[in-house]
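Dear colleague,

I am handing over the structure below, followed by notes on what was found in it. Please read them alongside the coordinates.

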Amino acid sequence: MGVSSPMAHMNELVSEAKCFEKRELYDIQLKPIKYKDCIEAAKKAMIGGKAGAPMHFSRDPMVGMEMPATWSYGRCAIRIDTKKPDDEDTFPIVVVANAASLLAELCTKPDKPGLGGLALIGPKKVIMIFVYGRDPDPPPAPRPTVPPWPNTA
């Protein structure tokens with residue numbers, strides 16, 4: 001009997017992955033993603049959670065992780081939400097991070113950035129994950145310089 005791991009079941013927990021192909025086909029203005037930024041955004045999804053521990057995903061703020069939830073870094077954002085308002089599912093948060101990484105890999109090309117994509121995740125396939133491009137946060141504004149106190153001696 002072999003040892004089971006969260007990655008061993010990844011194909012079962014991520015399905016119907018689709019990449020966005022053309023910007024004109026969607027109501028939103030799609031922006032290119034950067035693969036490395038998506039990996040960093042996926043790491044943010046893992047912060048504060050135990051990677052392999054089951055987590056409940058729902059729009060109910062009293063139960064588990066409230067949705068929709070979004071993590072972003074640089075030119076990439078990851079968003080999860082339920083298909084229907086009453087949908088809920090339970091699975092490890094590592095599935096979100098791994099699905100985001102998989103979508104970023106599937107939906108980018110070596111010669112040009114991709115536009116992202118979407119998939120259904122979890123055992124019930126009722127949680128949607130979106131990986132999409134965004135404008136990076138602007139650099140912080142420079143701190144104003146304070147003039148020296150006037151010398152009144």
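The axes of H2 and H3 come within 8 Å and cross at roughly 175°, where axes are lines fitted to C-alpha atoms, for helices over the stretch in contact, and angles run from 0 to 180 degrees between N-to-C directions. The two helices, H2 and H3, are therefore roughly antiparallel to each other (angles over 145 degrees count as such). On the H2 side the contact (heavy atoms within 4.5 Å) is made by Tyr35, Cys38, Ile39, Ala42, Ala45 and Met46, and on the H3 side by Val94, Val96, Ala97, Ala100, Ser101, Ala104 and Glu105. These residues divide into eleven nonpolar, one polar and one charged.

This is a predicted model, in which local features need pLDDT of at least 70 and side-chain atom pairs count only at pLDDT 80 or more, while totals for chains, interfaces and linings use all residues. Residues are numbered from 1 along each chain as its sequence is written, and side-chain values use heavy atoms, with hydrogens and water left out.

Thr108 lies in the loop between helix H3 (94-106) and strand S7 (116-121), and it counts as buried at 17% relative accessibility (buried means under 20% relative accessible area, with a 1.4 Å probe and protein chains only). The side chain of Thr108 reaches the backbone oxygen of Ala104 at 2.8 Å, and, not counting residues up to four places away in sequence, Thr108 touches Ile33, Tyr35 and Gly114.

Leu30, in the loop between strand S1 (14-19) and helix H2 (35-46), is buried too, with a relative accessible area of 2%.

Best regards

Key:
Helices (H or I, at least four residues) and strands (E, at least two) are DSSP runs, numbered from the N terminus. Buried means under 20% relative accessible area, exposed over 50%, partly exposed in between (1.4 Å probe, protein chains only). A polar contact is a pair of N or O atoms within 3.5 Å; within protein, one must be able to donate a hydrogen and the other to accept it, and residues adjacent in sequence count only if both atoms are side-chain atoms. Angles under 35 degrees count as roughly parallel, over 145 as roughly antiparallel, 65 to 115 as roughly perpendicular and the rest as oblique. Ala, Val, Leu, Ile, Met, Phe, Trp, Tyr, Cys and Pro count as nonpolar, Asp, Glu, Lys and Arg as charged, and the others, Gly among them, as polar.
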